[in-house]
Amino acid sequence: MQRIFYHRLFIAFAFLSISLTSFSQKKQLDHSVYDDWKSLRDISISHDGRFVNAIISPQEGDSTLYIRNLKTGKELKIHRVNKYTLSPEGKFTIGLLKAPFSETRQAKIKKKKADDFPKDSLVIVNNEMFSVYKIADIKSYSAPAEPASHIAYKKTEPKDTTKKSSKPKDLLIIRNLNTFTEDTINNSKEFTFSKFGNSLVVAVEPEKNDSTDTHKVLFFDLKNGTKKQISSEKMEYKSFVFDELGNQLVYLATKDTSKTEQKVFDIRYFNNGLDSAVILASKTSKGLPKNWIFNENSHPSFSKNGERILIGAAPKQAPKDTTIVDFETATLDIWHWRDPIVQPQQLSQLRNELRRTYRGIIFPNRPNEFIPLANEQMPNISVSDEGNGRFALLTSNLPYELESQWDISAKADAWIYDLQTNQLHEIAKPILGRPQISPSGDFTYWWNAKEKQWFAFDNLGKKTISLTKEIPVNFWNEKNDTPSEPGSYGIAAWGQDDKFVLINDAFDIWKIDPTGKLKPENITRNVGRTDSITFRYINTDPEKRFIEPKDILLLSAFDNKTKEGGFYTLRQQGRNPLTKRELDKFGYSSVNKAKNADVYVFQKSNFNTSPDLYVTQNLWKSAQKLTDINPQMRDYNWGTAEMFEWTTFDGKPSKGILYKPENFDPNKKYPLMIYFYEQHSDDLYQYFTPAPSRSTVNIPFFVSRGYVVFTPDIHYGVGKPGPDAYNYVVSAAQSLAKNSWIDSENMAIQGQSWGGYQVAYIITQTDMFKAAGAGAPVSNMTSAYGGIRWDSGRSRQFQYEQTQSRIGATMSDSLQLYIDNSPLFFSDKVNTPLLIMHNDNDGAVPWYQGIEYFMSLRRLGKPVWMLQYNKEAHNLIHRRNAKDLSIRLQQFFDHYLKGAPAPVWMTRGLPAIEKGKSWGYELEETK
């Protein structure tokens, strides 16, 4: 027996040795892995639940179309498809087969002309048999929202080599998927399918030297296989829109073919029973205000039932004076103290303002009549019941634009317009919130942050009630820690015919009668609050606007204690309507349900599990994994995620996530990287893709390479954001440093934007960190307060008085708070080497904030570097720059925390004369 025991023990140790050897041989992540790391997108499922489609995308390279037959288990992968359409019944998949990435890349390198680039193809898949048909050399394709039998694609006809000046024409080809027949249209400019693919319209506009064709509009009845010319004048035709059934068509037309700033259009209408289109409205239409026109931005649309056409009109803009010589006139912006919004914001919004129209209604059976609804005083409109309804909500925030410079709280004047009686009724001036109209239009509702309640206005009875006042729980965000009024937890959904509204509290969902007659009901039976689970309704049908009585609701579930995620279902009747379906140590996303079957597909992942595609056909009693998109992940040393709790300097309990290498050895010491931005603990089961950094350290990358990474929660008061960050981050670092496996001599901090500011502040208060990285940091609140967010053109004052910067007062009232929280004024206290990234096209934090800090530290002889990516944004947009930043972040932190040789860009810099010739990655040789 003893010999058997030792023999088995020897075998066990042998296997353990083999597994440890295999484990130790796992590779570290490096910068070469990014491009081929994949993700899933564009997930869809056929209405009957038989077929699931998705695109598997590498970060750089050729995507793959994935098709799965859930009934047979067979699957098909087609490489290089990056866009597809799945027919509702699942019979066909139509995709765009892109030219190989490598060939396109070479064409760019060789600077070939667009016509000489590698061509794409069209791929048509019969999903029933997985047969694949390809059509080469196409430019694009289009399909109805719910394709039944036809698609259209464009390709360029072969060039006529016998004619030197011959320019190849684009051909529009309409293909019947069932019969394989095709119809070819020359000189097509614009074309549109009806929603269900039973109709198609094509605008034809021949080139100037083409005498073989004329301007026209063609209507195709695809169901009956007929074609009709419905317009034939020499005009520009655009903005074609069908009604829901595809029998009615509306579009814009103008004879003005010159390149003027603003053309005048008329409105054309066609019904499948007519011989040709008719003029439905024009600039002379009754009801159109004086000097108003229909222009190219009028964008008509049908109401859901097709009985109304909603369309925009606008005052005709004054033409530009062409007698003025540009190079002899001044170019400037005049900032006026009475302007409702400042010039940069006006310029940011200029394009939208020039394109602004005001919606009204045209009836197909009442030609040459326009019913104006919105106007310059009431510019925003929402017509209830998808355009069919009796009521229209009109709102305006124009009277409150000036104060929005410092006050971010929502305010709007609101009116309700009764389309049945043609009466306008004022709801309130102002409403403290953002009013919306209910699906059927019976109510206008809004969140009043000041009173911390939901309100509803009865559009017919003309009375306002509080929906939540009598309910003994809070509907406002109790975790709000900015000096502003708290937001709500949101509306879940409305019931059919506006009979009820579902409103979220922090945990549960309440069913509330908007008339106030019935008592509110907690439909999740207080399970959420009792068990600390947050329930939220998931609408799995994008076209579904309300909940019907027999619907079983799918709820997402998040356990606030364990951070586990999953799903519950909720019946609307019965003694125990709430049923747990899945709650596990994963995050779930991309939930799709078959329209006519209880088949759900979804993504599932956690920190060390790549997000793959799963299906359940029995409400999570079981689930089948369909894909394995990143098998290479098993070859790399990854990591683990766990919750870490500690007590802050002021005695408050807090928590964060601690990431350790997969091969973690408690007998070793590990350098510590602390990354932070607000709160992270709810992300315990979140997956992070190894990817080039847009601004922050990539957690799996650094963990794989032997770092321990920590992401703490930070909670704030008002008036001391810097000290609050110090309180949480430094106390966490000290608590972690008590562990023998943390190398307390080699700890670093890194953050971006708000996190970058906190990094910049913390290093003025402590020398405990060996290195620090700050992306786009505010360093001087006294100058940042008066700055501009250049993306939006907005003043930055509201940030400090009401939102993230959390000062909670104007600078004129509390100057000392702005100084005390500004790292710049304490630059002399900094002894930590700092790497700043701040880019010259940053639209969120003014670029000069990074410059101010850099210049101050440089003047004091402190070790500081600033990476300024040319014409780049707040977070890097261009992948080539993100790859560069990733390399520099690794080199910087490896040098200070691991003792790696410093690269040339750190030791000697990179002079402007070497820009574009050298990048300074090479390591400085040690003597």
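Reader: How many aromatic pairs does the structure hold?
Author: The structure, a predicted model, holds 46 aromatic pairs.

Reader: What about F475 and W510, how are those rings set?
Author: The ring centres of F475 and W510 are 6.3 Å apart and the planes stand at 65°, so this pair is edge-to-face. Planes over 60 degrees apart count that way.

Reader: Where do F475 and W510 lie in the chain?
Author: F475 is in the loop between β32 (463-466) and β33 (491-494), while W510 is in strand β35 (residues 509-512). The pair therefore ties together parts that are 35 residues apart in sequence.

Reader: F475 and W510, buried or exposed?
Author: Both F475 and W510 are buried.

Reader: And F567 with W620, what kind of pair is that?
Author: Stacked, because the ring centres of F567 and W620 lie 4.3 Å apart with the planes at 25°.

Reader: Which parts of the chain does that pair link?
Author: Distant ones: F567 sits in strand β39 (residues 565-570), and W620 in the loop between β43 (609-616) and β44 (624-625), 53 residues apart.

Reader: Why does F567 count as buried?
Author: Its relative accessibility is 2%, and buried means under 20%. W620, at 5% relative accessibility, counts as buried too.

Reader: New topic. Which residues form one aromatic cluster?
Author: Y34, F701, F702, Y707, W865, F892, F893 and Y896.

Reader: Charges next. What sits over the ring of W476?
Author: The charged end of K452, 5.7 Å from the centre of the W476 ring.

Reader: And which residue lies over the face of Y716?
Author: R806, at 3.9 Å from the ring centre of Y716.

Methods
Residues are numbered from 1 along each chain as its sequence is written. This is a predicted model: local features need pLDDT of at least 70, side-chain atom pairs count only at pLDDT 80 or more; totals for chains, interfaces and linings use all residues. Side-chain values use heavy atoms; hydrogens and water are left out. Rings of Phe, Tyr and Trp (its six-membered ring) pair if their centres lie within 6.5 Å; planes under 30 degrees apart count as stacked, over 60 as edge-to-face and the rest as tilted. Helices (H or I, at least four residues) and strands (E, at least two) are DSSP runs, numbered from the N terminus. Buried means under 20% relative accessible area, exposed over 50%, partly exposed in between (1.4 Å probe, protein chains only). A charge sits over a ring if NZ of Lys or CZ of Arg is within 6 Å of the ring centre and within 35 degrees of the ring normal.
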